[in-house]
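Here is a walk through one protein model, from overall confidence down to a few individual residues. Have the structure open and follow along.

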Amino acid sequence: MWEADLEHSTIGYSAGISACEKGNQWPWAIALLREMLQVSLEPDTITYNAGISACRGGEQWQRALSLLSEMRGTRIVPSVLSYSAGISACERSEQWQRALGLLSEMTEAKLEPNLGL
């Protein structure tokens, strides 16, 4: 975006983070998320979901949970997809207790769990 002199947007960054997820490039996804903040763009639920999903694919469960926590700290309400991606990240790394904790948080937030991603 910088080299092409394109206008920065949350949608553009979200698309880039999602592409990183699909390409199993979680470090780039995190870098784009951090860059958003540097250029004064606010990530939204879609942006965070893409970041959490990228971490899930890279078996980075701690980073996924950190993003979920950061999301709540910025007053962005996690969605079913946010929690599902976090649970899946924990599951892939055999962090069952943490996955169950997220499931409990999800039900406390009055979100109905789905059957998976």
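## Ground rules

Helices (H or I, at least four residues) and strands (E, at least two) are DSSP runs, numbered from the N terminus. Tyr83, for instance, lies in helix 5 (residues 80–92).

This is a predicted model, in which local features need pLDDT of at least 70, side-chain atom pairs count only at pLDDT 80 or more, and totals for chains, interfaces and linings use all residues. Residues are numbered from 1 along each chain as its sequence is written, and side-chain values use heavy atoms, with hydrogens and water left out.

The protein chain has an average pLDDT (the predictor's confidence in each residue, from 0 to 100) of 88, and 91% of the residues score at least 70. In the protein chain, confidence is highest in helix 4 (residues 61–73), with a mean of 94, and lowest in helix 1 (residues 10–22), with a mean of 92.

Residues 1–6 are the stretch to be careful with: pLDDT is below 50 there. In the model this stretch has nine contacts (heavy atoms within 4.5 Å) beyond near neighbours in sequence. Where pLDDT is low, the predicted coordinates should not be read in detail.

## The overall build

What does the secondary structure of the protein chain come to? Six helices and zero strands, which gives the pattern α-α-α-α-α-α when read along the sequence.

For 117 residues, a compact globule would have a radius of gyration near 13 Å, and the 14 Å of the protein chain agrees with that. The radius here is taken over C-alpha atoms, and the globule rule is 2.2 Å times the number of residues to the power 0.38. Along its principal axes, the C-alpha trace spans about 45 × 25 × 20 Å. Taking contacts with a separation of 6 or more in the protein chain, 58% of them join residues 24 or more positions apart.

## Surface and charge

Of the 117 residues, 38% count as buried; buried means under 20% relative accessible area, exposed over 50%, and partly exposed in between (1.4 Å probe, protein chains only). The protein chain exposes about 7000 Å², with carbon and sulfur atoms supplying 53% of it. Those areas come from the Shrake-Rupley method with a 1.4 Å probe; for residues, only the protein chains shown count as cover.

On the charge side, there are 9 positive and 14 negative charges, and their mean positions are 7 Å apart. Lys and Arg count as positive and Asp and Glu as negative, while His and the chain ends are not counted. Each charge is placed at NZ of Lys, CZ of Arg, CG of Asp or CD of Glu.

Is Tyr83 buried or exposed? Tyr83 is buried, because its relative accessible area is 4%. Leaving aside neighbours within four places in sequence, Tyr83 is in contact with Leu68, Arg72, Pro78, Leu102, Glu105, Met106 and Leu111. Tyr83 and Ser14 are 69 residues apart along the chain, with their C-alpha atoms separated by 18 Å.

Tyr13 lies in helix 1 and counts as buried, at 1% relative accessibility. Between Tyr13 and Thr45, 32 residues apart in sequence, the C-alpha to C-alpha distance is 12 Å.

## Two loop residues with positive phi

Most residues other than glycine have a negative phi. Asn24 is not a glycine, yet has a positive phi of about 55°. Asn24 sits in the loop between helix 1 and helix 2 (26–38) and is exposed, at 55% relative accessibility.

Ser40, also not a glycine, has a positive phi of about 60°. Its place is the loop between helix 2 and helix 3 (45–57), and Ser40 counts as exposed because its relative accessible area is 65%.
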